[in-house]
Amino acid sequence: MNVFEEARMKLAQLHTRRHFLKSFTAGLGGAALASLVGGAAYASSGLGASSGALGTAGVGGLLGLDPLSPRPPHFAPSAKHVIFLHMAGAPSQLELFDYKPILAKLDGQITPPSLLEGRKFAFIQGAPKMLGPQAVFKQNGQSGAWISNHLPHLQTVADELTFLKAMHTDEFNHAPSQLLMYTGNPRLGRPSLGSWAVYGLGSENQNLPGFVVLLSGAAGPDAGASVYGSGFLPTVFQGVQCRSQGDPVLFLSDPDGVSRDMRQASIDAISKINQQQYEETQDPEILTRIAQYELAFRMQMAVPEAMDIGAEPAYIHQEYGTAPGEISFANNCLLARRLVERGVRFVQLFHWGWDSHGAGESEALNFGFLDRCKETDRAITALIVDLKRRGLLEDTLIVWGGEFGRTPMLENRSGQDNPFVGRDHHSDAFTMWMAGGGVKRGFTYGETDEIGYDPVSGRVHVHDLQATILNQLGFDHTKLTFPFQGRNFRLTDVGGRVIREILA
Amino acid sequence: MGMRHSITIVLVVVLLAGCGPAKVDFNTEIRPILNDRCVTCHGGVKTNADLNLQFRELALLGGESGNPAIVPGDADGSELIRRITHANVSDRMPKDEAPLTELQIQKLRDWIDQGAEWGTHWAYVTPVKSSPPVENPWIRSPIDSFVLEVLQENGLEPAPEANCNVLARRLSLDLTGLPATFDQATKLCETGNYEALVDELLASPRFGERWAALWLDLARYADSKGYEADRERSIWRYRDWLMDAFNRDLPFDQFTIEQLAGDLLPNPTTEQLIATAFNRNTMTNEEGGTDDEEHRFASIVDRVNTTWEVFQGVTMRCVQCHGHPYDPFVQDDFYGSFAVFNNTADWDQAHEEPVLREFEAAHQAKGRELLGKLDAITAAIRDSITSPTMSKVWESWESKLEDPLEVGKLLNTSKNEIRRIAAKPKADRSSYEIAFIQNRFGDAEPTLVGLREERGKIMGEIGKLTPTITPVMKELPTSERRVTRRRERGSFLSPAEAVEPAVPKVLTPLPAGEPANRLSFAKWLVSDENPLTARVTVNRFWEQLFGLGIVESSDDFGTIGIAPTHPELLDWLAVHFQRDLAWSQKGILKEMVLSATYRQASVVTPLKLEKDSRNQLYSRGPRFRLSAEQLRDQALAVSGLLSKKLHGPSVMPSQPAGVWKNPYNGQQWVLAEGEDRYRRAIYTYWRRTNPYPAMAMFDAPSREFCISRRIRTNTPLQALVTLNDPAFWEAAEGLAAKMKASGGSTGDQIKVGYRMALARDPSPETLTTLIQLAKDSSLPVVANTILNLDEYLTKE
């Protein structure tokens, strides 16, 4: 940036921010974040500065700033980045982490009515049979964590992980449960976890989106783009899907016949004419637009560079099991590392195909499920090892899990003998794990009963998980709020407890 | 009120400080203190210590201490004052928080000593029309007088009138959503007949397309049902109804009545039935294992919330679970409205019945005949179920419902409701519940299989005639009415006492002597006594033209919404709209665009940036980025690609591959053929879980719920859309082709392109820059550049 440009940028910032400087100079800690959002409301409603961001006008205040400029959270964070590995469809905890030898003994027995009363199932009807673990388990590392042999690579990094064995949720269908996991509410329309994070923190790297979404598997997440949408937050905070085929970000490539030089000349012309326009009208919004066009131009270079895993050395491809140009979960894991390395705040992966009902081969615990394990095991392990090697694991929080768990009972939809084995949706108990980002290493929190059906200790609700993730990013989850339809909304709705027991 | 009044108040306080306390105004001075510091714990959500400070009678009553919180005329004897000034920190209110300031305490004291009068919030008082306050040659409309008064008070002058070319473009974008042509602008410059252009644009069919777009966000219109599978819904006839309603200037009272209750009008027309699809835009859940009644409940909640937000600017959503935290609405008020909407026949079914079926001319006779047969067979099934012989079979069926295997045979998504009803003694069941459980029995009873197959066959034949389907409102017959119950904490699973249809007690009641239903509710909304409908509506129009509403929180006219910047102007507009113009939407828009306020140049000065940075005083003309829809439409119009086709099913213009990737839904994005690829944005297929990228990036919502205002953003991803999206690039190529075809020098061609885009000539500097660019690149790149200039993306 030359001196002229720098001066112009400064002027732009000054002009667009002047109106809101008062709230900005206070910094963004605690109540000041609220005043950033509520700023304009105070002036007209007469509420004092101690109030809790009540006005709906606050939005104007927010947008007076560059909404993606980096800003500090409420308190010193333990994690600067989050990589959330979502296994869409909900993997079975009973075949991966929650080892239940007694369930093996009960295999094939008819489930007693006492276990069925008052439960809601998506598909199980009548009285199903119990289903023993469809995996061989062993204890791993110094922590002795149980991980099944379906995940041989992950077994080698067991001591990096904190398991949450008694997760529970309120929803037993995929879309509402994914929405609850990401937006704190089972219905559509609320902002997602990544959007809240970028709303609170801004973006470290202005040449890349702050919140990136990477999809693999046969379909997108069940609730569609809403699980990474911005809900009622400004759309600037929504997750940007980066893709391995086609444009890595929609509309990133110049049209055919437009060279980089031509694009450069065109952006220069746009900036020059917009600058004249600014001099005539003095509308500060024009300066923001000039900056955004120049940023878009830089993004056109920065995003393909970040997304080009071909540049990685052979040993990295070996470790992750990656092949450039494919749409794969492994590629997305490697991309996650590259993005975090470049300052992206929140990287959200979805890998579809874990819905192991056993109604067909692709969704059977003894077939498709094993494929999903193979597709993910090596890459996830490589991601942990690679981040650690680069010193990035300590400020990157990795979260792994599905939207709920699966029943200890066999689901047999057709009622006939079939070669495929599966389990139904189960919202009362499932396993998730975390690594890095200020959580304990080699630790297990929570326990389920002897068949893995209900938590017996250390229950963690989805809102607790969200509160904990926000805590690691430096936020009091009750204070990261946005006014909408007459009240302040937050990710954790009216719940959420930070799981202090797992913090390092 | 806002800043102007608070300044006045401060002055008054200072002036009177020496001669006894000034009269304290509850609304501007006391309520903000209560809202900010008290009612969180002593109000609609919580009433700690049994104290509620939201209503005067409750506050005078006091809480569990037994002492009245407020004794009018006696601050020292009021428990409230005692507690906020308590020397013991642990007894001092607000509990565990910073104390009130001395000024706040003094205000409260003075107010109590003066009698502790409770003012009604301005928005719940019927507006009156005040006389325009000032006179000045600048004034063209009473609007200007109200605006000028505030400008003068703030030491500001209006901006000069905008240049005629700029004005023509502004006006055309505002009224039709499309830019003015160079010819239109030239004509305005030559004749100076501004009003003629206004009339021409108001009469254009494009007017309805532009204004329906605003209403689609409010109505949460989409071409899909929402939730997981998010399958297709056919409801585009409602969008067309909206466009037509705007084009024929359907008065807003009738516009309201038809959308909320068109089906209840005497002999409703097809159009009036289609209008009721407004509240059929709620989502429908098709997932396995869900509870239909729960999701039906959710849609009624949404209808209540949406109706109150759209027509009244009231945030009723809070009141589903508890009293409103700030505004004078109690939980019963929510369920009073719920009861108004709770007796329609839809119940969260994939088929979305009741639906309107419209047959094309050739099939009408046959279609009518089949619909007659369908009614007959439905009645026959109903008769069979309710016959005396069948009632025994039904009862034995019902007694087996606790058996899990028997339940397994029921329709998965209705079994919970069936079991809930079956668990009730027969005498406690509502007539709806009795009919519901009979009908589900009818779905399962083996001896009725013949009749069911017959019905299926008729449905199949109707389907073959491919009628256009639109979900509509249909009231349940009196023999099948639901009973509405308040829900503890708003939970669907916690029904409490029965509630009758009603409107909130703080507002005037529904007219006596008429049935309390959707129709009387809709008429009440547009009655002379309703203080909100006209204000909320004129404010939306104003917001569209000027960028911000006179009440900036256009979704919330309540006590924590933002007070109007120009209260007298708002009320003048509301009364003018409602009375003088008899609710003419074109009329009120015309009044606004004819004003001198609207016609100002959008030029900022340092003084104006300092005193009026967001143009809330209207010290200059509006200047802000176009909406997602306007951007698409403008690109198509300027490049000559735009299809002028009105009406019809939604279409799929160019969209990158891989955007639609939903599980359990095989529907594909199929690129439209021919002119359908170049239709206005309002016709673009709207799927809730996968919004059209170019629109979503420009702040279009996904429309699961009512959105009153889009928050404008300015991001680099937006630049990528207008620079590179193939749909926008195609527009640039189209414009380049026209530039080239115009012949002449490069400079001449660029001038032509610039005129097409902006309805005026480029400045010499701009022309020079673009000519240089043409040398460095190509004509399509130059066109693409023009279509990315700030002035082009902006309404100025």
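## Helices 31 and 32 of chain B

In this predicted model, helix 31 of chain B passes helix 32 of chain B in a right-handed crossing. The axes of helix 31 and helix 32 (residues 764-776) of chain B come within 10 Å, and the crossing angle is roughly 115 degrees. On the helix 31 side, the contact is built from Thr746(B), Gly747(B), Ile750(B) and Lys751(B), which meet Leu767(B), Leu770(B), Ile771(B) and Ala774(B) of helix 32 of chain B. Sorted by class, this contact of helix 31 with helix 32 of chain B holds five nonpolar, two polar and one charged residues.

An α-helix has 3.6 residues a turn, so residues three or four places apart point the same way. That is handy to keep in mind when looking at the residue lists for these helix pairs.

## Helices 30 and 31 of chain B

Helix 31 (residues 746-758) of chain B also packs with helix 30 (residues 726-741) of chain B, at an angle of about 135 degrees and with the axes 8 Å apart. Helix 30 of chain B passes helix 31 of chain B in a right-handed crossing.

Helix 30 of chain B brings Leu735(B), Lys738(B), Met739(B) and Lys740(B) to this contact, while helix 31 of chain B brings Gln749(B), Ile750(B), Val752(B), Gly753(B) and Met756(B). The residues of the contact of helix 30 with helix 31 of chain B comprise five nonpolar, two polar and two charged. Ile750(B) is worth a click in the viewer: it is listed in the contact with helix 30 of chain B and in the contact with helix 32 of chain B.

## An enclosed helix and an open one

Helix 29 (residues 716-724) of chain B has nine of its nine residues buried, so it is largely enclosed by the rest of the structure. Its buried residues are Pro716(B), Leu717(B), Gln718(B), Ala719(B), Leu720(B), Val721(B), Thr722(B), Leu723(B) and Asn724(B).

Now turn to helix 17 of chain B. Of its 12 residues, the number buried is zero, so helix 17 of chain B lies largely in the open. Its length can be checked too: at 1.5 Å a residue, the 12 residues of helix 17 (residues 388-399) of chain B should span 16 Å, and the end C-alpha atoms are 17 Å apart, which agrees.

## Ser141 of chain B

Ser141(B) sits in the loop between helix 5 (102-113) and helix 6 (142-153) of chain B. Ser141(B) counts as buried because it has 20 C-beta neighbours inside 10 Å, and 20 is the cut-off for a buried residue.

Leaving aside residues up to four places away in sequence, Ser141(B) touches Glu591(B), Leu594(B) and Ser595(B). Ser141(B) and Val593(B) are 452 residues apart in sequence, yet 9.7 Å apart in space, C-alpha to C-alpha.

Chain A has 14 helices and 17 strands. Of the 504 residues in chain A, 63% are buried. Among contacts in chain A between residues at least 6 apart in sequence, 73% join residues at least 24 apart.

The contact between the chains takes 81 residues from chain A and 85 residues from chain B. On the chain A side, the elements giving two or more residues are helix 3 (31-45), helix 4 (58-64), helix 7 (174-183), helix 9 (260-281) and helix 10 (284-307). Helix 9 of chain A gives the most, with 11 residues. The chain A side that touches chain B divides into 37 nonpolar, 33 polar and 11 charged residues.

Notes
Residues are numbered from 1 along each chain as its sequence is written. Chains are lettered from A and ligands numbered from 1 in the order in which they are written. This is a predicted model: local features need pLDDT of at least 70, side-chain atom pairs count only at pLDDT 80 or more; totals for chains, interfaces and linings use all residues. Helices (H or I, at least four residues) and strands (E, at least two) are DSSP runs, numbered from the N terminus. The expected span of a helix is 1.5 Å times one less than its number of residues. Axes are lines fitted to C-alpha atoms, for helices over the stretch in contact, and angles run from 0 to 180 degrees between N-to-C directions. A crossing is left-handed if the near helix is turned anticlockwise from the far one by less than a right angle, and right-handed if clockwise. Two residues are in contact if their C-beta atoms, placed from the backbone, lie within 7 Å. Ala, Val, Leu, Ile, Met, Phe, Trp, Tyr, Cys and Pro count as nonpolar, Asp, Glu, Lys and Arg as charged, and the others, Gly among them, as polar.
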